Amino acid sequence: MSSALESLLDLLDLEQIERDIFRGTSRSAVVPRVFGGQVAAQALVAAGRTVPADRTAHSLHSYFLRMGDPGAPIVYSVDRIRDGRSFTTRRVVAVQHGQPIFHLSASFQTYEEGLEHQAVMPPAPDPETLPTAEQMLPRYADVFTDPGVMDRLLEARAAVDLRYVDAPPFANVGTPQEPRSQVWFRTNGKLADDPLLHVCMATYVSDMTLLDSVLLAHGRGGWAVGDVVGASLDHAMWFHRPFRADEWLLYDQESPSASGGRGLGQARIYTQDGRLAITVIQEGVVRVPRD
């Protein structure tokens, strides 16, 4: 296991300070605020720790309310909304400096048999044939206006092996393309056999590239390049089938719409053998900076 992955696992291992109240720390991000995927993953950890082990997360719906301060702890307060025969519902509020910065509702379910069908996995190359972040990012060092951005991107990718199928948005600035993007990802090391951990890790990664397809549609390079200003607004996930975040997952992303200073991304995450594991939808602020 890489030291970066150990650090990320420590980040997700929240401190319990009271019944249904947890505290988490933050790590540096590409931009000077708390990474949204971190807050969502930590909130799901907090919710999951108040749920019986035989109930696994099947959905989450969340809103990013305020920018998080990476230098201050985040307190997660869990509200036990419902404990039914099959489903358990939790609401989590993340607080910093006395104000809510994030709100999450999550639902958990006991295992049961049911009807089965799924969307077919789209074609994608073998992830082992694609360049790693260490191999790919230095090619675009001259695109970043801030010389420290590439190092921060590499640091953000150190715990997770994330590989683009096609060039990322910052590789083709000024050239609008089809609003679709694919990446393969897995953790840089083996994880414990805890379903909640794998779901939370996928939640963490899901916020890394989902709005790439919005940027591609308009030939924008992204926040690292500085030709857009952006932030996640809301984020929803549905967990359909068991998966492991330490095995290759295909993140197939597209954007059906951008308007009003907002862009919508939707995606499906498949296991390498073609099982649909997760559906993700996110809307974010995507604004062109004013002169």
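This report walks through some aromatic pairs, a helix, a strand and a cavity.

The model is predicted, so local features need pLDDT of at least 70, side-chain atom pairs count only at pLDDT 80 or more, and totals for chains, interfaces and linings use all residues. Residues are numbered from 1 along each chain as its sequence is written, and side-chain values use heavy atoms, with hydrogens and water left out.

**Aromatic pairs**

A pair of aromatic rings is described by the distance of the centres and the angle of the planes. Rings of Phe, Tyr and Trp (its six-membered ring) pair if their centres lie within 6.5 Å; planes under 30 degrees apart are stacked, over 60 edge-to-face, and the rest tilted. The structure has four such pairs, and here are two of them.

| Pair | Centre to centre | Angle between planes | Type |
|---|---|---|---|
| Phe-64 and Phe-102 | 5.0 Å | 55 degrees | tilted |
| Tyr-140 and Phe-170 | 5.6 Å | 70 degrees | edge-to-face |

Phe-64 sits in strand β3 (residues 55–64) and Phe-102 in strand β6 (residues 99–110), so their pair ties together parts that are 38 residues apart in sequence. Helices (H or I, at least four residues) and strands (E, at least two) are DSSP runs, numbered from the N terminus. Tyr-140 is in the loop between α3 (133–136) and α4 (149–156), while Phe-170 is in the loop between β7 (160–164) and β8 (180–187), so this pair ties together parts that are 30 residues apart in sequence.

Buried means under 20% relative accessible area, with a 1.4 Å probe and protein chains only.

**A helix and a strand**

In helix α2 (residues 36–48), 13 of the 13 residues are buried, so the rest of the structure largely encloses it.

Strands β7 and β8 pair in the antiparallel sense over five bridges (pairing takes at least two DSSP bridges).

**The cavity**

On a 1 Å grid over the protein atoms alone, a cavity is a set of points where a 1.4 Å probe fits but cannot get out, and lining residues have an atom within 4 Å of a point. The whole structure holds one cavity of 30 Å³ or more. The largest cavity has about 50 Å³ of space, and its lining includes Leu-162, Tyr-164 and Phe-170. The elements giving two or more residues to that lining are α3 and β7.

How values were computed
Buried < 20%, exposed > 50% of the residue type's maximum accessible area, 1.4 Å probe, protein only. 1 Å grid on protein atoms, 1.4 Å probe; cavity = no way out; pocket = protein on both sides within 12 Å on 5 of 7 lines; lining within 4 Å. Points joined across faces, edges and corners; volume = space filled by probe spheres on them.
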